[in-house]
Protein chains: 2
Amino acid sequence: MFFAISFTFLSEPYKKTLILWAKTKYMAQKVTIPKGTRDFTPLEMARRNYIFNTIQQVYELYGFQPIETPSMELLSTLMGKYGEEGDKLLFKILNSGDFAKKADEQHWEERNISKLTPQIAEKGLRYDLTVPFARFVVQNRNEIQFPFKRYQIQPVWRADRPQKGRYREFVQCDADVVGSNSLLHEAELVMIMDEVFTRLGINVTIKINSRKLLTAIADMVGKPELITAITVAIDKLDKIGLEKVQEELKQVGLSDDDIKKVTPIIELRGNNQEKIEAVAELFGGNEASEAGKNEIFKVFNYLESYELNNEVEFDLALARGLNYYTGCIFEVKAKDVAIGSICGGGRYDDLTGIFGLKDVSGVGISFGADRIYDVLMQLNQFPETTLQGPKIMFVNFGDKEAQYALKAAISLRNNGVSAEVYPDSVKMKKQMNYANTKHFPFVVLAGENEINNSTYTLKDMKTGEQSEVSLPELIEKLKNS
Amino acid sequence: MFFAISFTFLSEPYKKTLILWAKTKYMAQKVTIPKGTRDFTPLEMARRNYIFNTIQQVYELYGFQPIETPSMELLSTLMGKYGEEGDKLLFKILNSGDFAKKADEQHWEERNISKLTPQIAEKGLRYDLTVPFARFVVQNRNEIQFPFKRYQIQPVWRADRPQKGRYREFVQCDADVVGSNSLLHEAELVMIMDEVFTRLGINVTIKINSRKLLTAIADMVGKPELITAITVAIDKLDKIGLEKVQEELKQVGLSDDDIKKVTPIIELRGNNQEKIEAVAELFGGNEASEAGKNEIFKVFNYLESYELNNEVEFDLALARGLNYYTGCIFEVKAKDVAIGSICGGGRYDDLTGIFGLKDVSGVGISFGADRIYDVLMQLNQFPETTLQGPKIMFVNFGDKEAQYALKAAISLRNNGVSAEVYPDSVKMKKQMNYANTKHFPFVVLAGENEINNSTYTLKDMKTGEQSEVSLPELIEKLKNS
């Protein structure tokens, strides 16, 4: 709109010069943002806040309370917690001042970046909310009353290669309880997942399993060292089917006999009750399987008081977070949209051990807000109110009319109704265009006539209906709309 | 609480060994956060959110809509916008991968950090919300409907030396309108400041001046080049008094005659109306003073429809942001607490010019949330509800009782009441201690008797009163409390 100069009368070379001039003048500076990051417009903000607020409200209903941690953590806190690959994906912050001064002579000469990095950067941006939370718990352990139920909705940063749906800055929405082994928490987390997706209008399946049952499978075939390989294979059941899973199990080192034993477990069907009953039989009562079965049983037992809106499925083929989860694991999939998991979590028996505080068990979940956003867009499921701008705009017909409008706008605001007076008495078309783009549900037209009658002409932007109302009528109508 | 081992019976050397062991075991890793950053506990979060939500609600009442920009911006966007000192205070992010690879040979050898920095770091954390907003407007100018009224509540980062009340990560709360010259915005921003501090219960003085009147002072004495020095001196009036201001004016190059002319302006007293009228006379009608006077006049004119709760004072000695403000300037001071300004802003005629988009005027304000926090703490003015935890906790007397409690908790949550069942049937004292620390206003005790009567014994934690109620009564009572 800023280049709306008509220059059709110019010859080509002149045009080119003019365009170049404009580009140089207006584009002197590259105006863009780092790749993998995003700006959010008011509409996107409304939609995102709808998701965050829904999650937050449900967390709070269950007694979770918010905390926040700094965006920057010491690299000594972050490094080594996410594996070698994770360390590389940390955004590191250059030390202030003369960062090069203290760098080791030899490392500097060799440009040995793995040695130099900790010398020139002591801080990094947080990679997730779990490690900072563990650090928070250990650092504040004397002030914290356990069990500690916290939620945290904050951005995290990863120097991942950006791609569709994967960003370098994105918000995580975590809730965790630490300092209690009670399986009531697992049950309540299932209720939370059920409630959040019910409120958002997304049909989901909530899958639950116990890490202990995965251990039990490996134990049963006498190959506990293969637990990761076995579960990685089993985890693919949905994607590649039973036959290919069996092939993979063979490849990783299971005998035909082992596979025969494992198969009935991974293709176990029936309702949850039947599956729980079958577990004892299939595993022949090995220790890990008994513990796992009891966990699942207890969780379903707590859930009996709760009216589920979504399917909760005990799935022996569900595997995730093998490196840290030790008890129940959860995963949520949308039923009507093909997309990865949109929520997940589990119990980890030693969250704070990495910071030297042993024996603090925790259990938590995390909602994938960006994926949930995509699901809601695909399902066209965002409520209409997220599209709505402020309630009412007063058209500006001039100084006197603006003052008259302003009086009403002030009264409306005093009654909690968001209101705007268009700031300039420009052409009606431009003002209405503004009202449309900003999605005002109501517009007021008030000129000489209305001023004389002490009225306001109210236009419903959806129906197009107009009515002349007094100020008290206007307030009453807008307050209740 | 984790070191609560009684070892008074041990001799000194043993104690030392034990402490050392404990330190090594539990403190193997330094558990702290970068200096100048903060963790926020649930209580602090509740208080902070109370401030942010108040500001946000008022912004929205006036038709402002939220945007967010990435935490990281390209350093080319940030550098050179905050002066040389500001450039140093930017947190710079080390490029991912082999950051040293492309660094210039000679610069590397010389450890020339000013040359090396842009070669090894192309991104930085945002320093304020204004420059990213300007970048946002230019980048999205084709999608934006002007006038664009946005608010933005996000953290910013500065590598400043940390000190009391100054942090390296803190949240700014900005609202700006761009693309409109109407002074209605200035008036509405004053209303917003008045409304926010009224809602927060802080008595304030809102000061307003026009940058043009500061220009007029320098013009009047024929020394426009001294505008900065003159206004810096005038700005100190509150702190150092008239005599010292006059001394400073002399030092910076004003003659005795000049000072004679300037003095009646800076010590101008009376109500706003009188001051506005005096301006014309004092400046003898110079051009800048007429423009400035008209601005102030118009703003007060718009404010006539609005019932101010706080004092708005036209203050000819108010000077701020000389490098960028061009029209009205604002500043808010708390009346009952000695602290710097807690809100400020003004009009800048060329916000987006730095990114090559000319002639887009803007006006905005920013609330200092951390200072407001301190003021509310000092005034003991945070509402009691910010201290309140979830609504109700059910004491856990065992498996059966927990199930009974859970049913009620689920019903309460379905009615929008936040509820918790204590997860373990531990000692009553421990459970009540948890309830007290987390500030539950209500606790339920329900054992064998209550189960048999289908009742719940409800304890009001404030009054200590207990009553036996049915589930519907419990819900009714809690919903309305």
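## About the model

This is a predicted model, in which local features need pLDDT of at least 70 and side-chain atom pairs count only at pLDDT 80 or more, while totals for chains, interfaces and linings use all residues. Residues are numbered from 1 along each chain as its sequence is written, chains are lettered from A and ligands numbered from 1 in the order in which they are written, and side-chain values use heavy atoms, with hydrogens and water left out.

## Where the chains meet

In chain B, 112 residues are in contact (heavy atoms within 4.5 Å) with 113 residues of chain A. Together the two chains bury about 10,100 Å², of which 59% is on carbon and sulfur atoms; buried area is the accessible area (1.4 Å probe) that two parts lose on being put together, summed over both. On the side of chain B, the residues that lose the most area to chain A are B:Leu61, B:Trp108 and B:Arg111, together 7% of what that side buries.

Between chain B and chain A there are nine salt bridges, each a side-chain nitrogen of Lys or Arg within 4 Å of a carboxyl oxygen of Asp or Glu. One salt bridge joins the side chains of B:Asp39 and A:Arg135, at 2.6 Å from N to O.

## Two helices in chain B

Within chain B, helix H2 (residues 42–61) packs against helix H8 (residues 184–200) at an angle of about 145 degrees, with the axes 10 Å apart; axes are lines fitted to C-alpha atoms, for helices over the stretch in contact, and angles run from 0 to 180 degrees between N-to-C directions. Helices (H or I, at least four residues) are DSSP runs, numbered from the N terminus. Among the residues of H2(B) that meet H8(B) are B:Tyr50 and B:Leu61, while the H8(B) side includes B:Ile192 and B:Leu200.
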